[in-house]
Structure formats: C-alpha cells, structure tokens
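This report walks through the strand pairing, the nonpolar core and the charged contacts of one protein model. Please keep the sequence and the structure in view while reading.

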Amino acid sequence: MTTEITVPEDLWEGDTEGVITAWLVDDGAEVVQGDLVAEVMVEKAQYEIEAPVSGKLSIAKAEDDVVTKGTTIARLEA
C-alpha cells in the first residue's frame, strides 16, 4: 500500500509556497510513523514534516524545490 506525504494545507497561513530545505532521511530508507523526514522553509519559519505511516521512503521532490500546500513530496510503501 502506498501513502503520499504531502505538504499540509494548514501548515502555515498566508503564503502558498515554501521550499524543501532538507531531507532528513535518504531516499529508499525505512521510516517509522512519526519520524521527521523533511524540512520546509516558508519566509523565516522552518517546518518539519513527519511520516504519516511506517514504510520505505520514495522522495518525489528534491531539496530546494518550491512546493505549495497539498503538493506530494514523497511516498511511503508499506
């Protein structure tokens, strides 16, 4: 079963775009639900993205990519 990791719609107010500043886990790594997997910067605020479920991470967006709310940035294969 595949689960998408998306930029949460309610992560920040106002701005619609952010930038992936870091992947905290390598592509293909096994992660556990709740692990921090990425950081997204919006203006001067840094937000951490958690794995919603456990599984193997497949990164869909690279560091420095501009992303909007709701964008799929990775997938987890259970």
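## Strands paired with E8

Strands E1 and E8 run antiparallel and are joined by five bridges; within this pairing, threonine 3 stands opposite leucine 76 in E8. The model is a predicted one, and the description that follows should be read with that in mind.

E8 also pairs with strand E6, which covers residues 55-59, again in the antiparallel sense and over four bridges. Here isoleucine 59 stands opposite alanine 74 in E8.

## The four-stranded open sheet

Four strands form an open sheet in the order E5-E4-E2-E7, with antiparallel pairing. Its edges are strand E5 (45-50) and strand E7 (66-68), each of which pairs on one side only. Neighbouring strands of this sheet are turned against each other by 40° on average, when direction is ignored.

## The largest nonpolar core

In soluble globular proteins, nonpolar side chains tend to be buried together. The largest nonpolar core of this model has 17 residues, of which Ile5, Trp23, Val37, Ile49, Leu57 and Ile73 touch the most other members. Strand E2 (17-23), strand E4 (36-42) and strand E8 (72-77) each supply at least two residues of this core, and the largest share, four residues, comes from E4.

Which residues does isoleucine 49 contact, once its neighbours within four places in sequence are left aside? Isoleucine 49 is then in contact with Ile5, Pro8, Leu11, Asp35, Leu36, Val37, Ala38, Val40 and Ile73. Among these partners, Ile5, Val37 and Ile73 are also named with Ile49 as core residues that touch the most other members.

## The salt bridge

The structure holds one salt bridge, in which the side chains of glutamate 4 and arginine 75 meet at 3.8 Å, N to O. Because glutamate 4 lies in strand E1 (residues 2-6) and arginine 75 in strand E8, the pair ties together parts that are 71 residues apart in sequence. The two strands concerned, E1 and E8, are those joined by five bridges in the antiparallel pairing described at the outset.

Are the two partners buried, partly exposed or exposed? Glutamate 4, at 44% relative accessibility, counts as partly exposed, and arginine 75, at 35%, likewise counts as partly exposed.

Definitions and conventions
Residues numbered from 1 in each chain as written. Predicted model: local features only at pLDDT ≥ 70, side-chain atom pairs only at ≥ 80, totals over all residues. Heavy atoms only, no water. Core = buried A, V, L, I, M, F, W, Y, C linked by side-chain atoms within 4.5 Å. Buried < 20%, exposed > 50% of the residue type's maximum accessible area, 1.4 Å probe, protein only. Contact = heavy atoms within 4.5 Å. Salt bridge = Lys/Arg side-chain N within 4 Å of Asp/Glu carboxyl O. Pairing = 2+ DSSP bridges. Axes fitted to C-alpha atoms, helices over the stretch in contact; angles between N-to-C directions.
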